[in-house]
Amino acid sequence: MVWDEIVQKTGEETRLSVTYLLLITLATVIAGIGVLLDQPILIVGAMVVGPEFGPLAALCVALLRWRGSVIRRSLLALGVGFLTAMAATVLSTWTLTAAGLIDRSMLLADRPMTDFIWRPDALSWVVGFLAGVAGMLSVTPNRSGSLVGVLISVTTVPAAANVAVALGYGVFDEALGSLVQLLINLCAIVVAGVLTLLVQRLWWERVAAARPAWPRWGRPTPAPRSDPDTTSAPSSVPDRHRTGDS
C-alpha cells in the first residue's frame with residue numbers, strides 16, 4: 001500500500017466545492033421524490049449520484065493516521081453537504097406540493113418498497129459495515145469499478161431525503177427513524193473503513209518483513225574505484241635507464 005497516494009487521493013474528496021454541494025443536493029432531491037413515489041429505481045439513481053463516500057473515505061484514512069486537518073475538512077464536508085441537501089429537499093417538497101405534483105398522503109401511504117429507509121434495524125448496521133469494508137477495498141487498490149455497487153448498497157442519501165420530506169410534512173416520527181438510519185450507516189461505514197485500513201496496513205507490514213533479500217543474480221561486480229589522491233599521475237620525465245641515457 002502506497003499511503004501517500006491514498007492520502008492524496010482521499011484528501012482531494014474533502015473539498016467543499018460547489019460541484020460537491022450540487023451533486024449531493026440533486027441526489028437528495030431525487031431520493032425525496034423516490035420515497036414519495038415508492039420507486040426503488042429513483043433511490044438507486046440517487047445513491048449513485050451522491051458524492052458522500054469521498055469525505056467518508058478521507059475521514060477513515062485521517063482517523064487511522066490521525067490527520068486533524070483532514071478530519072475537520074471531512075466532517076465539514078459531510079455536515080454542510082447533508083444539511084444543505086436536506087434544506088433544499090424541504091424547499092423542493094413544499095414547491096412540488098404547491099404545484100400539485102405531490103402531497104402529504106403519499107408519505108403516509110403504505111410504501112413497501114422503500115419503508116426500510118425509516119425503519120432501521122440490526123441489518124442496517126450489518127449492511128453499512130459490509131459496504132464500508134467493500135468501499136475501502138475499492139479505494140486502496142484503485143478499483144473504482146466496484147465502488148458503484150458500494151454506493152448503491154448504502155442508505156445515506158435516501159435516509160437524508162426521507163428526513164427532509166418527513167420534516168417538510170411534519171411527520172416527525174418518520175423523520176426521527178430516517179435520521180437514526182442515516183447515523184447508523186455513517187458510523188458503520190467509518191468503523192468498517194478504519195478497521196479495513198488497519199488490517200491492510202498490518203498485513204502489508206507483515207509481508208514486507210517476511211520478504212527475503214534476493215541476491216542480484218547476473219549483475220557484474222563493479223570494479224573497485226581508485227583513489228585519485230593516491231594514484232600517481234604518469235611522469236612526464238623520461239626514464240633514463242630504460243632509454244640508455246646517462
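**Helix packing and salt bridges**

Tutor: In this predicted model, helix α9 (residues 157-169) and helix α10 (residues 172-210) pack with their axes 8 Å apart, at an angle of about 160°.

Student: Is α9 roughly parallel or roughly antiparallel to α10?

Tutor: The angle between the two helices is about 160°. Angles over 145 degrees fall in one class, and therefore α9 is, relative to α10, roughly antiparallel.

Student: How many nonpolar residues does the contact of α9 with α10 have?

Tutor: From α9, the contact draws on Ala159, Ala160, Asn162, Val163, Ala166 and Leu167. From α10 it draws on Phe172, Glu174, Ala175, Ser178, Leu179, Gln181 and Leu182. By class, three residues are polar and one is charged, while the nonpolar ones number nine.

Student: Is Phe129 buried, partly exposed or exposed?

Tutor: Phe129 lies in helix α7 (residues 122-139) and touches Ala188, Val191, Ala192 and Leu195. Its relative accessible area is 25%. Buried requires under 20% and exposed over 50%, so Phe129 counts as partly exposed.

Student: Which residue forms a salt bridge with Arg111?

Tutor: Side chains of opposite charge can pair when their charged atoms come close. The structure holds two salt bridges. In the one formed by Arg111, the closest N and O atoms are 2.3 Å apart, and the partner is Glu174.

Student: How many residues apart are Arg111 and Glu174?

Tutor: Both Arg111 and Glu174 are buried. Arg111 is in the loop between α6 (104-108) and α7, whereas Glu174 is in helix α10. The pair thus links distant parts of the chain, the separation in residues being 63.

Student: What is the relative accessibility of Arg119?

Tutor: Arg119 forms a salt bridge with Asp115, the closest N and O atoms being 3.2 Å apart. Arg119 counts as partly exposed, because its relative accessibility is 48%.

How values were computed. Residues are numbered from 1 along each chain as its sequence is written. This is a predicted model: local features need pLDDT of at least 70, side-chain atom pairs count only at pLDDT 80 or more; totals for chains, interfaces and linings use all residues. Side-chain values use heavy atoms; hydrogens and water are left out. Axes are lines fitted to C-alpha atoms, for helices over the stretch in contact, and angles run from 0 to 180 degrees between N-to-C directions. Helices (H or I, at least four residues) and strands (E, at least two) are DSSP runs, numbered from the N terminus. Angles under 35 degrees count as roughly parallel, over 145 as roughly antiparallel, 65 to 115 as roughly perpendicular and the rest as oblique. Contact means heavy atoms within 4.5 Å. Ala, Val, Leu, Ile, Met, Phe, Trp, Tyr, Cys and Pro count as nonpolar, Asp, Glu, Lys and Arg as charged, and the others, Gly among them, as polar. Buried means under 20% relative accessible area, exposed over 50%, partly exposed in between (1.4 Å probe, protein chains only). A salt bridge is a side-chain nitrogen of Lys or Arg within 4 Å of a carboxyl oxygen of Asp or Glu. Lists of a residue's contacts leave out its neighbours within four places in sequence.
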